[in-house]
Amino acid sequence: MEHLPLAFFFLLLSVLSLAVWTDGGSIGVNYGRVADNLPPATKVVQLLKSQGVQKVKIYDADPAVLHAFAGTGIRLTVDLPNEKLFAAARSLSFSLDWVQQNVADYPTTQIEAIAVGNEVFVDTHNTTRFLVPAMKNIHTALVKHNLHNAIKISSPIALSALQASYPSSAGSFRPELIEPVFKPMLEFLRQTGSYLMVNAYPFFAYESNSDVISLDYALFRENPGVVDAGNGLRYFNLFDAQIDAVFAAMSALKYDDIKMVVTETGWPSKGDENEVGASKDNAAAYNGNLVRRILTGGGTPLRRQADLTVYLFALFNENKKPGPSSEQNYGLFYPNQDKVYDVPLTVEGLKNYHDTGKSAPAGGGQRGVAAPVKGGRGGVSKSSSANTWCVAKGEAGKEKLQAALDFACGEGGADCRPIQRGSTCYDPNTLEAHASYAFNSYYQMKGRAFWTCDFGGAASIVSQPPKYGKCDFPTGY
């Protein structure tokens, strides 16, 4: 018998795994609404049903959305926004009212989880200390309505919550978060039978390290794989490596029994000139291959039995999201409900799915190598303009500065710990000072490229060290 070509072997393996699929993971979609041109929620429900989507996550508990999903059978994860954490933590009556108005009052809307906050550890409003108390009060409110067995409570964390993520076996949480937050949160998840919510974006790692990370490795395509020297496991995609870094971090704290749900992951179909890898073809490959990877089961190299639930980000392109162009172009659909690219979301759809694209070299070319990734969203800096800083423009206005600050400290992955209350750069406690620190952190992490200091016209580059109280602004990461 002649030897089969390697490419044919991979295709055959994919077909066989689909044929014997019985109980893989599941795919959901994030329904973000930071846009002014989206269809009404009732039409969105029709779109989701036409695509076979059974799980949806939203970023609030909007009544119009909750009403639209009533009786549909689609399972919802709703969100208690970061700005409400303080009230939920300090007041049980607030939590009782919130659960009554946003959960209990919708008995025919199938709410299966509540995300208490979102990426709280990078929130500029210092809400970290309120997280676990808020989770406990919301849980108490669910118990009152006898909903605690049907609805799980968790909180999505960004990979920037990790102190180390490479290699995966070295995964660990940031030390300053372990005792005050992670241990009590993981204990709460264990006691309530819940799971850890994680937002993971291989795109950020690839975009910042494209000279050393293979695009094939980032897009789930055929590649030699990367051996983790710490545990001897071979990884064939960056997504698995990132997820196992979080599993390793939980294991280090003796919480191996906690399950995980990936509440956000995705790839932009368009980006700015400097956003390496942002393209429609790459987005289609990442999401399509990810869906196949999840729905055919198998877990990760470290947790082989851990069939994951993964929520793609996002349902629509959102034209009001701040930040670089990629932020407005993560959608599977345009606002008019046309597909940005064709990706199956069900096992049935996978039967006719083939990733026929070929990864183009980027940076130093394709290699089966995964480089260290800083904070999960950034990467190895490449200095292009020494002794320059990025600062906020006070005249940009409070609204624009706040939106840009939220992006920098959230999805942008800037190190905003020094501007938290009690930290070295909290004073002066002004929006301009805090925004300047966050903008500069983002600018330095992105290699001081001039286009990374814009923030919609809210920032500018200076050649003299910024002076805000006694705070020192870094010039490199």
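Which residue forms a salt bridge with Glu179? The partner is Lys183, with the closest N and O atoms 2.9 Å apart. A salt bridge here is a side-chain nitrogen of Lys or Arg within 4 Å of a carboxyl oxygen of Asp or Glu. The model is predicted, so local features need pLDDT of at least 70, side-chain atom pairs count only at pLDDT 80 or more, and totals for chains, interfaces and linings use all residues. Residues are numbered from 1 along each chain as its sequence is written, and side-chain values use heavy atoms, without hydrogens and water.

Glu179 and Lys183 are four residues apart in helix α7 (residues 175-192), and are therefore separated by about one helical turn. Helices (H or I, at least four residues) and strands (E, at least two) are DSSP runs, numbered from the N terminus. Glu179 counts as exposed because its relative accessibility is 52%. Lys183, at 32%, counts as partly exposed. Buried means under 20% relative accessible area, exposed over 50%, and partly exposed in between (1.4 Å probe, protein chains only). Helix α7 also holds Glu187 and Arg190, three residues apart. These two form a salt bridge at 3.7 Å.

The structure holds 14 salt bridges. One of them joins the side chains of Arg221 and Asp355 at 2.8 Å, N to O. This pair links distant parts of the chain, 134 residues apart. Arg221 is buried at 11%, whereas Asp355 is partly exposed at 23%.

Glu112 lies in strand β4 (residues 111-116). Its relative accessibility is 15%, so Glu112 counts as buried. Its side chain makes a polar contact of 2.8 Å with that of Lys55 and one of 3.4 Å with that of Tyr311. A polar contact is a pair of N or O atoms within 3.5 Å; within protein, one must be able to donate a hydrogen and the other to accept it, and residues adjacent in sequence count only if both atoms are side-chain atoms.
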